[in-house]
Amino acid sequence: MKLSYQVGQKPLWSQLYDILEMRILSGEYKEGDTLPSEVAIMQEFDVSRITVRQAMDKLIQAQLISRQRGKGTVVLKYKNKVTTAFQSFFQEVKEKNQLKDRQVIAVESVKAPSEVAYFFDIPTSDSVIKLTRQTFINEEVVACYETYLHPLVPLTVQDDFNGSLYTKLEIVSYPITNVIEKISAALISTQEKKIFSIEQDEAVMHRIRMGYSHDLAIEYTYATYLARGYELIIDLK
């Protein structure tokens with residue numbers, strides 16, 4: 001994955017943090033491993049020492065690495081393995097593995113949005129499959145998902161995407177082996193009001209899911225949920 005210098009992108013140190021974080025969480029850098037030196041990282045990404053140190057300081061704050069005298073910067077042991085799921089209050093339907101109310105709205109080939117291209121490490125000129133799905137309860141849209149698949153995945157817009165996407169990826173030899181999620185809350189946007197067919201202001205929950213097949217970034221999903229109908233379940237193991 002490369003750093004992006006396009007207008008509107010994150011600061012370089014933040015992009016570098018994301019890349020190093022992903023390498024740690026995906027297992028490319030394992031517990032006890034010594035990270036490359038500051039000079040090596042500077043050379044790999046063509047950035048300044050200040051940029052590298054800002055990213056490393058953020059990783060230290062996140063308790064992912066530690067500077068150890070005489071050894072260098074070492075990857076720390078994960079304190080917890082975290083499993084997340086959204087529990088729906090709509091008819092007490094649990095989202096996890098619940099597919100009967102999730103419908104495929106559209107399957108299309110699109111140019112990779114900047115954040116997707118950044119994650120897949122491909123040019124924004126490359127085409128990717130975009131899968132739009134929605135969850136309906138009592139004919140009401142309560143969740144919307146936009147999923148992008150890496151161009152290497154041997155699927156086309158003519159394929160049937162009903163059912164489990166992860167099962168389909170496993171069948172084509174790209175099983176999802178690791179997932180990173182980022183979850184946030186926000187006030188519903190004008191575009192989201194149209195999707196959910198509502199007029200009033202209310203809260204929504206956003207979940208970005210980044211799926212890997214071993215070391216390869218395969219899936220990028222941006223999901224939006226009506227906050228009034230869901231609660232976040234976090235299982236610490």
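Helix 1 and helix 2 are roughly perpendicular to each other in this predicted model. Helix 1 spans residues 12–25 and helix 2 spans residues 38–45. The two pack at an angle of about 110 degrees. This value falls in the range of 65 to 115 degrees, so the pair counts as roughly perpendicular. The axes lie 13 Å apart. The crossing of helix 1 and helix 2 is right-handed.

The contact draws on residues from both helices. Helix 1 contributes L16, I19, L20 and R23. Helix 2 contributes I41, E44 and F45. Of the residues in this contact, five are nonpolar and two are charged. No polar residue takes part.

Six helices and 10 strands form the secondary structure of the chain. Among contacts with a separation of 6 or more, 60% join residues 24 or more positions apart.

Confidence was examined for the whole chain. The mean pLDDT is 85. A pLDDT of 70 or more is reached by 85% of the residues. Residues 91–100 have a pLDDT below 50. In the model, this stretch has 20 contacts beyond near neighbours in sequence. Where pLDDT is low, the predicted coordinates should not be read in detail.

Terms used. Residues numbered from 1 in each chain as written. Predicted model: local features only at pLDDT ≥ 70, side-chain atom pairs only at ≥ 80, totals over all residues. Heavy atoms only, no water. Axes fitted to C-alpha atoms, helices over the stretch in contact; angles between N-to-C directions. Helix = DSSP H or I, 4+ residues; strand = E, 2+ residues; numbered from the N terminus. Parallel < 35°, antiparallel > 145°, perpendicular 65-115°, else oblique. Left-handed = near helix turned anticlockwise from the far one by under 90°. Contact = heavy atoms within 4.5 Å. Nonpolar A, V, L, I, M, F, W, Y, C, P; charged D, E, K, R; others polar. pLDDT = per-residue confidence, 0-100.
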